[in-house]
Amino acid sequence: MSEPLDLPVRLRRLRASAGIRAMLSETTVEPRHLIQPLFVTEGEQPEAIASLPGIFRIPLAQLAAKCAQLQLLGIHGVALFPKIEASRKTAEGAEAWNPNSLALRAIREVKFKCPGIVIFADIALDPYTTHGHDGILNGAGTDVDNDRTVEALVKMSLLTAQAGADFVAPSDMMDGRVAAIRQALDANGRTQTGILAYSAKFASAFYGPFRDAVGSTLSNGKTLSKATYQMNPANRREAIREALIDAAEGADLLMVKPAGSYLDIIRDVRESSALPIAAYQVSGEYAQLHAAAEKGWLQLRAVRDESLLAIRRAGADVILTYFAEAFAKDYHAR
Ligand code: PBG
């Protein structure tokens, strides 16, 4: 027998058995860390979304039952996204502040029938505008008008808070919107409504399936560029600036989006702020894992769990993910 190598440290000792590995695991993913995004429709039947396998637009009447199921699985939060009928869309997106909009009815329904679940309500105009931008365009129609859009988001936020949302979640990336929303909520007695700020939201190509789901895809088949308001994927320091400004403006939670290709940003924001951090594993991240698994090239459950673990390890407290329900089912079954 040959002499063993003279090594003071052998890291494999700490990987030697399932028990040791479990005991020393530094990061966990549990259902309580996950928020399920839910699409809501006026329709009577659940509608499949081709680019998001296993995800359906849920009829309003079935929404509360879905939330109750999620709660039983240990998922405490949902992010609601309405699919607005094309006939209700306009250039300015005024349906967003219709007191009887689908989004507001959905919030009331969930609050009434499943009061314990935490509701994160999207604040942005893209489901409501004919052009699919997150705001109101300037006179020339060449860009989103920041300050007019903030005014619209404030109106929308007040109605959303009154409907019963626990958190308003501005996903629009206008400057100054968190401060304006916080001020308006407080002035109207809504001091307990929180703000989940989409702080570092990048102009990403990974949002494609979401735009199919809410019907904001361009009819000419081109990809809408949101580069004048969403962040340049090249920028790291700017993400920290965005996060710190949102925190100073009164955000309760900061979000990084997408997640998987932006783990460095999650870590940067984690180390720059003491606020809780959310990360959004977006539709394209979900779709690519499903597509590869369908081809038999990846094992869905294993890559799903690894992708969520990586996002938690990077520093996210909570993850918005389309995998939430499936993850939680498997979590309890094992
Ligand atoms: C728009 C919004 C988008 C997503 C959430 N809110 C798309 C966009 O910015 O165009 C994407 C989420 C996903 O891809 O899962 N306000």
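1. At 5% relative accessibility, His33 counts as buried, because buried means under 20% relative accessible area. The structure discussed here is a predicted model, and His33 lies in its loop between helix H1 (18-23) and strand S1 (34-41).

2. Which residues does His33 touch, not counting residues up to four places away in sequence? They are Thr28, Arg312, Asp317, Val318 and Ile319. With Arg312 there is also a polar contact, formed between the side chain of His33 and the side chain of Arg312 (3.3 Å).

3. A second point concerns helix packing. Two packed helices are described by the angle between their axes and the distance between the axes. For helix H2 (residues 60-72) and helix H3 (residues 102-113), the axes come within 9 Å and cross at roughly 40°. That angle makes H2 oblique to H3. The crossing in which H2 passes H3 is right-handed.

4. On the H2 side, the residues that meet H3 are Leu60, Ala61, Leu63, Ala64 and Cys67. Their partners in H3 are Leu102, Arg105, Ala106, Glu109, Val110 and Lys113. Sorted by class, this contact of H2 with H3 has 8 nonpolar residues, 3 charged residues and no polar ones.

5. The last point concerns helix H8 (residues 263-272), where Ile265, Ile266, Asp268, Val269 and Arg270 are buried. Against which elements do the buried residues of H8 pack? The strands are S7 (194-201), S8 (253-257) and S9 (277-281). The helices are H7 (237-249) and H10 (300-314).

Note on methods: Residues numbered from 1 in each chain as written. Predicted model: local features only at pLDDT ≥ 70, side-chain atom pairs only at ≥ 80, totals over all residues. Heavy atoms only, no water. Axes fitted to C-alpha atoms, helices over the stretch in contact; angles between N-to-C directions. Helix = DSSP H or I, 4+ residues; strand = E, 2+ residues; numbered from the N terminus. Parallel < 35°, antiparallel > 145°, perpendicular 65-115°, else oblique. Left-handed = near helix turned anticlockwise from the far one by under 90°. Contact = heavy atoms within 4.5 Å. Nonpolar A, V, L, I, M, F, W, Y, C, P; charged D, E, K, R; others polar. Buried < 20%, exposed > 50% of the residue type's maximum accessible area, 1.4 Å probe, protein only. Polar contact = N/O pair within 3.5 Å; in protein donor to acceptor, adjacent residues only side chain to side chain.
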